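Here is a short briefing to read alongside the model in your viewer.

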Amino acid sequence: MRNFVSDTVAPIKPSGIRKFFDIVSEMKDAISLGVGEPDFDTPWHIRDEGIYSLEKGRTFYTSNAGLMPLREEICNYMKRSQGLTYHPKEEVLITVGGSEAIDIGLRAVLNPGDEVLIPQPSYVSYEPCTILAGGKPVIIDLKAENEFRLTAQELEDACTEKTKVLILPFPNNPTGAIMEKKDLEAIAKVIEKHDLLVMSDEIYGELTYKEKHISIASLPGMKERTILINGFSKAYAMTGWRLGYACGPKEVIAQMTKIHQFAIMCAPTTSQYAAVEALKNGDDDVAHMKEAYNQRRRFLLHRFKEMGLPCFEPFGAFYVFPCIKEFGMSSDEFATKLLMEEKVAVVPGTAFGDSGEGFLRISYAYSLDNLRIALDRIDAFIKRLREEKGKN
């Protein structure tokens, strides 16, 4: 059967996140801090709108690009949140989650051998989607001493004549890092200098705790060279609804829509009606969830400080990225030992790129009660490791 498997697909490794979830699903009394999914239910008024659309028999295909009322609401949202003006008919595409938008966006713009700059640690899909689109991933290793931000010098050093796309994954999964306006302004100069297209993944844009998220597309000269990816999974607790969108230059959106048309047809109709309600009346829900996440974020940072576990302060998403280098184990070894001995599942930093070695991704999209129990177990675990290290 090997002869029937694609030579492009076969070498791609499965997601490094799944290994621990498969184990923890069969482990009694285990606590998982690994899932990148809100623990909140989708707000009732949003669910109600989805239910109402079903009751009214709205179960048919929408247009390939998505419901026009949803595209119009996305344009309204982009205007009020970022000051960006998009045309709902030509510059917006509704997709099956942000993940589809990433995939078809890369397929729409890459020619064989084009280089795509991918700052890591970052979301697991960027590199394989680049390969599947015929591009060449070029990894930029982000550094803890820079709070895992992308610097202008790092970007400049990675550019070549073949560089075509920069993926900008901020607020970041797994580190929780953000890019402030001054950071974006610095890299924008390099982007213009090398005539790059930017794919800005802003799925966590509503979940920032230091200052309001700023899209690079809002900077002068950047909108026309940016594919802005966003969706409803994280901010509105709508992961299972599978709904995202892309905003960008009409020439690129047209090609993305063409791929979407043949591969998907359209995003789920029920989800689209629910998303209209989310954008119209969901701001208070987002604020409530964001405050809860911020409380949990501060709790984790406080506990890590008490444990003496180094962790820079993340200001976005719902992850922390503590450093475990002192224990002399790989991230995978540490996470495996923690799971086996204390029944707490976390994700090794290396699941998000080699530069994640020595770190763990811990999600705080869980109740404070579960976080307290899990952190007590982690505390006991590292105390035991330090005692063993001291004996040796």
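The notes below go from strands to a single side chain and then to pockets and cavities.

This is a predicted model, in which local features need pLDDT of at least 70 and side-chain atom pairs count only at pLDDT 80 or more, while totals for chains, interfaces and linings use all residues. Residues are numbered from 1 along each chain as its sequence is written, and side-chain values use heavy atoms, with hydrogens and water left out.

- Helices (H or I, at least four residues) and strands (E, at least two) are DSSP runs, numbered from the N terminus.
- Two strands pair if DSSP finds at least two bridges between them.
- Strand S5 covers residues 163-168, and five of its six residues are buried (under 20% relative accessible area, with exposed over 50% and partly exposed in between, for a 1.4 Å probe and protein chains only).
- Strand S3 (residues 115-120) runs parallel to S5 and is joined to it by three bridges; here valine 116 has valine 165 of S5 as its bridge partner.
- A right-handed β-α-β unit is made by S5, helix H7 (residues 181-193) and S6; right-handed means that, with the strands pointing away from the viewer, the path from the first strand over the helix to the second runs clockwise.

**The antiparallel sheet**

- Three strands form an open sheet in the order S9-S12-S11, with antiparallel pairing.
- Strands S9 (319-320) and S11 (347-348) stand at the edges with a single partner strand each, so one side of each has no neighbour in the sheet.
- Two bridges link S9 to strand S12 (residues 360-363), and valine 320 has isoleucine 362 of S12 as its bridge partner.

**Phenylalanine 381**

- This residue sits in helix H12 (residues 368-391), and phenylalanine 381 is buried, with a relative accessible area of 0%.
- Beyond its neighbours within four places in sequence, phenylalanine 381 is in contact with Phe334, Lys337, Leu338, Glu341 and Glu342 (contact means heavy atoms within 4.5 Å).

**Pockets and cavities**

- On a 1 Å grid over the protein atoms alone, a cavity is a set of points where a 1.4 Å probe fits but cannot get out, and a pocket is an open set with protein on both sides within 12 Å along at least five of seven lines; lining residues have an atom within 4 Å of a point.
- Grid points are joined across faces, edges and corners, and a volume is the space filled by probe spheres set on the points.
- The largest pocket holds about 1,200 Å³ of space; of the 49 residues that line it, Ser15, Tyr123, Val124, Ser125 and Ala351 are the closest to its centre.
- The second largest pocket holds about 300 Å³ and is lined by 17 residues, with Tyr77, Ser81, Gly205, Glu206 and Lys212 nearest its centre.
- Helix H3 (68-82) and helix H10 (283-307) each supply at least two residues of the lining of the second largest pocket, and H3 has the largest share, five residues.
- There are four cavities of 30 Å³ or more, and the largest cavity has about 70 Å³ of space.
- Residues lining the largest cavity include Tyr77, Gly205, Glu206, Phe232 and Leu279.
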